[in-house]
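Please look through the sequence and the model below before reading on.

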Amino acid sequence: MSLFGEEYTADPHPALAELREAGPVHRVTSAAGVPFWMVTRWDEARQVLTDPSLSKRQPVDQLPASLRPALATQMLLRDPPDHTRLRRLVSAAFTPRRTRELTPAIERITDRLLDELGAAPEPDLIAGFAVPLPFEVICELLGVPPRERAPLRAWSDTIIVGGPAPADMVAAMSGMVTYFGDLLARKRADPEDDLLGALLTMADEGDRLSGDELVGMALLLLIAGHETTANLIGNAVHLLCRMPARPDRPTAAVVEEVLRMASPAATSTYRVTTRPLTLGTVTIPAGEQVLVSLLAANRDPERFTDPDTFDPDRGDGGHLAFGHGIHFCLGAPLARLEAGIALDRLFARHPDLEAAVPPEDLRWRSGLLMHGLAALPVRLGRP
Ligand code: HEM
């Protein structure tokens, strides 16, 4: 079975199970004809995510010159020691306390979106709830004023929602780079108590983020935290709607099991081998691109008992939905907080919520990197 056809998009698990059984790593050619290696087993996935000989650096020379400085400095595309420095600086500002303090804002945004959702007879839970919620939350975190969010949302959608033409993608990226450059200049003149304000005013033993690094970080946080969290909320509602009864378990445990079974980031981002790398019986030469299938690793029967069964009580953690090692997701606590509030409030208000179309008619987003629904029409039931 192909990893790029409609059948795979609708349900990637059968093809991934076949690959995983056949071996820990496979040479694949992308739809665009680019070869890479895909890792499908949990042990080898952890090995790849922690091996310091794999590099995250990707060439940016094909990007327009105006975008290069901000994009090239993003920490998801850097190796130590640059990555270590960027991660240390942003972690000092994006603290657990700052995440916790977003709780009232997340509750307020959730309730407003639920008010709006209730106005339609069969609303689309993705467009009306799962996508706008994380977007608004990241804007709160970064300190993007509400009246300036509409263009940012349009650019963000262009980048993440629908396989746009390369020119649209560059225009959207340029729009964001210009916008954040301007927002940061205003905040520099008049610092505020938000994440960008904190990053601007920090002095870490004389070190701080440069202007390009700040713009790159703002872009990374917006993009990394938006579609992934939308997929988590959508996948959770989808799985819960398919169960005969909602699990009588704490929401946090349900969210963890959704992360494992329907991993919102289907794969890691690319890594490149800098020397030959042996995974099981396969040796990948130096200079090759490697992608970890988080979806496949998280259902590896060698690691998880009955991996295709939804069991919020398995309690053994160990899923790789947020990655592993030095690039482990910086926003994992925020994503968990948001998903918990979203699900609690959605089902408290609409306990009879159900999917309005059968699972086989649902549309999923295409592409190898993300696993999420393009639309999820629901009947909310009586409030
Ligand atoms: C990194 C998944 C939400 C910010 C990652 C990685 C994964 C991931 C798999 C590692 C990629 C790799 O090693 O190649 C997810 C999922 C999310 C989520 C599944 C939601 C359910 C968020 C949020 C934010 C965020 C809400 C920010 C507010 C980041 C950043 C990195 C990252 C900055 C790069 C970290 C580094 O390079 O050190 N995420 N993410 N993510 N994520 Fe998330």
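**An enclosed helix and its surroundings**

Of the 15 residues of helix α14, 13 are buried, so this helix is largely enclosed by the rest of the structure. The model is a predicted one, and in it α14 runs over residues 227-241 and reaches 21 Å from its first C-alpha to its last, which is close to the 21 Å expected at 1.5 Å a residue.

What does I233 touch once its neighbours within four places in sequence are left aside? Its contacts are then with A130, L133, A339 and A342. I233 also belongs to the largest nonpolar core, a set of 99 residues in which V39, L142, A218, I233 and A236 touch the most other members. Helix α13 gives the most to this core, contributing 9 residues. As a general background, nonpolar side chains in soluble globular proteins tend to be buried together.

The ligand brings α13 and α14 into view again. Of the 24 residues around the ligand, those that come nearest are G225, T228, G323, C329 and G331. The elements that supply two or more residues to this shell are α13 (211-224), α14 and α17 (332-349). Sorted by class, the shell around the ligand holds 15 nonpolar, 8 polar and 1 charged residues.

Turning to the strands, β1 (residues 25-29) and β2 (residues 35-39) run antiparallel and are joined by 5 bridges. Within this pairing, V28 has F36 of β2 as its bridge partner. The two strands form a hairpin with 5 residues between them, and in this hairpin G33 takes a positive phi near 85 degrees. Strand β2 is also joined to β7 (residues 289-292), here by 3 bridges and with the two strands running parallel; M38 has L291 of β7 as its bridge partner. In general, the side chains of a regular strand alternate between the two faces of the sheet.

Is A185 buried or exposed? A185 lies in helix α11, which covers residues 166-189, and A185 is exposed because there are 10 other C-beta atoms within 10 Å, where a residue counts as exposed at 12 or fewer. Between A185 and L346 there are 161 residues of separation in sequence and 38 Å in space, taken from C-alpha to C-alpha.

How values were computed
Residues numbered from 1 in each chain as written. Predicted model: local features only at pLDDT ≥ 70, side-chain atom pairs only at ≥ 80, totals over all residues. Helix = DSSP H or I, 4+ residues; strand = E, 2+ residues; numbered from the N terminus. Buried ≥ 20, exposed ≤ 12 C-beta atoms within 10 Å, placed from the backbone. Expected span 1.5 Å × (residues − 1). Near = placed C-beta within 6 Å. Nonpolar A, V, L, I, M, F, W, Y, C, P; charged D, E, K, R; others polar. Core = buried A, V, L, I, M, F, W, Y, C linked by C-beta atoms within 7 Å. Contact = placed C-beta atoms within 7 Å. Pairing = 2+ DSSP bridges.
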